[in-house]
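Work through the exercises below with the structure open. Try each task before reading its solution.

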Amino acid sequence: MRQAIIFKSRWGWIGISERTKGIDALVLPKASRQAVLSELGLSEAKLVKNQKSSRLQKAQTQLASYLAGTRRSFDLPLDISQGTMFQQKVWQVLRRISYGRLRSYRWVAIRVGGKQYARAVGNAVGANPIPIVIPCHRIVAHDASLGGFSGGLPTKRKLLTLEGTLAELRSRRQ
C-alpha cells in the first residue's frame, strides 16, 4: 500500500510517498497542494492524516533540514523498484555523489557502462522519482552548462546555490 504526505515548506508545497520497502517518490516544490497531489497520482484519501508513518516523518524532517541548509545527506530506505535495471544502476551512482559536488552525465555514464551511455544516463536522471534524496540536481553537462532538471532550472539553480556549487559551475564555464 502506498501512503503519502504533503506539506508546505519555505520553498513551496512538497510531497513524499512510500511503499512497504521505502520512500518511492518525492515531488519537488510546487505552488499548490493540489499540484503535488496530482503529480503523486494519489487522491486526498490516500494521504496520511493524523498518524504519519515514522518513515514519512523522518523523510519530511530530513528534507526540511536539507532545504534549511542544515543537512547534507539522507538516511532513508528507498524503493526504486519502479525503475528499469539501467535506471536503478544510474540512481545508485547518483546517491554516491556528495553534497556540494558536481558530476557530468558522461562521468555517470562511465560508471554504468561507458561514455556512450551519456544520453541514456540523461534519460534515467530525468526519470528519477526521488529528486534531492537521489541528487540528480548535481549532474551537469560536460561543458559545465546546467543541463536539464525535472523540477525546472530555477529549482536546480536554487539547489546548487544552497550547496554552494552554482558559483563553481559559473567559473568553470568562463
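**Exercise 1. Find the two sides of a helix.**
Task: in this predicted model, which residues of H5 are buried, and which exposed residues lie on the face turned away from them?

Solution. 
1. Arg-119 and Asn-123 are exposed, on the face of H5 turned away from its buried side.
2. Now list the buried residues. In H5 these include Val-121, Ala-124 and Val-125.
3. Check their directions. They cover an arc of only 100 degrees around the axis, so they sit on the same side of H5.
4. Recall the helix rule. An α-helix has 3.6 residues a turn, so residues three or four places apart point the same way.
5. Ask what lies over the buried residues. The cover includes helix H3 (85–95) and H4.

**Exercise 2. Describe a helix pair.**
Task: at what angle do the axes of H4 and H5 cross, and which residues meet?

Solution. 
1. Take the axes. Those of H4 (residues 105–112) and H5 (residues 118–126) come within 8 Å and cross at roughly 100 degrees.
2. Classify the angle. Values of 65 to 115 degrees count as roughly perpendicular, so H4 is roughly perpendicular to H5.
3. List the contacts. From H4 come Tyr-105, Arg-106, Val-108, Ala-109 and Val-112; they meet Ala-118, Val-121, Gly-122 and Val-125 in H5.
4. Sort by class. The contact has seven nonpolar residues, one polar and one charged.

**Exercise 3. Trace a strand pair.**

Solution. 
1. Count bridges. Six join E2 (residues 12–19) to E3, and the strands run antiparallel.
2. A hairpin links E2 to E3 through two residues.
3. Locate one opposite pair. Trp-13 stands across from Lys-30 in E3.
4. Check burial. In E3 (residues 22–30), eight of nine residues are buried.

How values were computed. Residues are numbered from 1 along each chain as its sequence is written. This is a predicted model: local features need pLDDT of at least 70, side-chain atom pairs count only at pLDDT 80 or more; totals for chains, interfaces and linings use all residues. Side-chain values use heavy atoms; hydrogens and water are left out. Axes are lines fitted to C-alpha atoms, for helices over the stretch in contact, and angles run from 0 to 180 degrees between N-to-C directions. Helices (H or I, at least four residues) and strands (E, at least two) are DSSP runs, numbered from the N terminus. Angles under 35 degrees count as roughly parallel, over 145 as roughly antiparallel, 65 to 115 as roughly perpendicular and the rest as oblique. Contact means heavy atoms within 4.5 Å. Ala, Val, Leu, Ile, Met, Phe, Trp, Tyr, Cys and Pro count as nonpolar, Asp, Glu, Lys and Arg as charged, and the others, Gly among them, as polar. Buried means under 20% relative accessible area, exposed over 50%, partly exposed in between (1.4 Å probe, protein chains only). The arc is that of the directions from the helix axis to the C-beta atoms. Two strands pair if DSSP finds at least two bridges between them.
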